[in-house]
Amino acid sequence: MRDNRDEIRDFLASRRARITPQQAGLAPGGRRRVPGLRREEVAVLAGVSTEWYTRLEKGHISGVSEDVLNAVARALQLDDAERAHLFDLARAAGPGPRTRRSAHKVRPGLQRMLDAMTDAPAIIRNGRMDILAANRLGRAMYWPVFQHSAPGRSPHPRTKPSQPANIARFQFLDPAGPDFYPDWDTAADVTVALLRTEAGRDPYNNDLTHLIGELSTRSADFRTRWAEHNVRLHHTGTKTFHHPAIGDLTLDYESMDLHADPGLNLTVYTAAPDTPSHDALRLLASWAATLDATPCLTQEDQGHDHVQEKRPR
């Protein structure tokens, strides 16, 4: 059982540090020794005593009412994702059974649903960014990620990986990550924010903790972003990929949590008709069909050694 007081302290302090007195509607005052607001200023804005808010920022959040948490969220100008994260941290600090969101398997019905989507890449992942299931186009689109999950094995999308295909591990530890994500910095920010959000929801998930520890140890880029305590709700938007076999893809995505399967998330990618990316998806489908008809060969046999690799970050 872990104590999340450090998480609470660092999150609240990081949110307080980014707000200037002017943004909060306060007079700037004299010389300031800390960036952003002082604790006593947050306390005034939230309508609580300085001693009480100081205790809260030190991590003593168990038992705090929703009204008070909402007042603190307003004082710190938290967005929807940050407010939800604050409530997740409070929930994890409270008494009662520890709910774990660990998810490692996908029901057959969900896989059938994915397979019925024939014109759009679709994946199901868990909170630690493991791709647990995909349709044919989803496996083809995330081919580099599946390749990373089976070192020394075939990059063929139908090859069974030696470990779950993990988007975060590929993004930060594989030299091909910056190639696959042309806007790597933005994609990396999103991934870390999603992992931080999941850590607030499920702080007792050992698999998630081990992944964060691995990435923190092996990637300075990950460590820097993790220390920023940013969180995110991931519902809809646009992503750009550079597929080694297809080229550039700019796709709209819809992402939703599967409430019947806590811890699982469905993401579906589409492209607007009569766009280069729509044509690229058709090409991806043809490429996937070709692979389906081809025995699983080694990377050298399939002639993929032309794919360029960038320096590891």
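Contact here means heavy atoms within 4.5 Å. The model is predicted, so local features need pLDDT of at least 70 and side-chain atom pairs count only at pLDDT 80 or more, while totals for chains, interfaces and linings use all residues. Residues are numbered from 1 along each chain as its sequence is written, and side-chain values use heavy atoms, with hydrogens and water left out.

**Nonpolar cores**

- Tyrosine 142 touches Ile123, Ile131, Ile167, Phe180, Tyr181, Phe241 and Tyr269, leaving aside residues up to four places away in sequence.
- A nonpolar core is a set of buried Ala, Val, Leu, Ile, Met, Phe, Trp, Tyr and Cys residues joined through side-chain atoms within 4.5 Å; buried means under 20% relative accessible area (1.4 Å probe, protein chains only).
- The largest such core has 47 residues, and Tyr142, Tyr181, Leu195 and Phe241 touch the most other members.
- Helix H11 (residues 184-201) gives the most to this core, with 8 residues.
- A second, separate core holds 24 residues, including Leu12, Ala71, Ala73 and Phe87.

**Sheet**

- Helices (H or I, at least four residues) and strands (E, at least two) are DSSP runs, numbered from the N terminus; two strands pair if DSSP finds at least two bridges between them.
- An open sheet of 6 strands has the order E3-E2-E1-E6-E5-E4, with antiparallel pairing.
- Strands E3 (165-166) and E4 (236-243) are at the edges with a single partner strand each, so one side of each has no neighbour in the sheet.
- E4 and the antiparallel strand E5 (residues 247-257) are joined by 8 bridges.
- Threonine 240 stands opposite threonine 250 in E5.

Methods:
Buried < 20%, exposed > 50% of the residue type's maximum accessible area, 1.4 Å probe, protein only.
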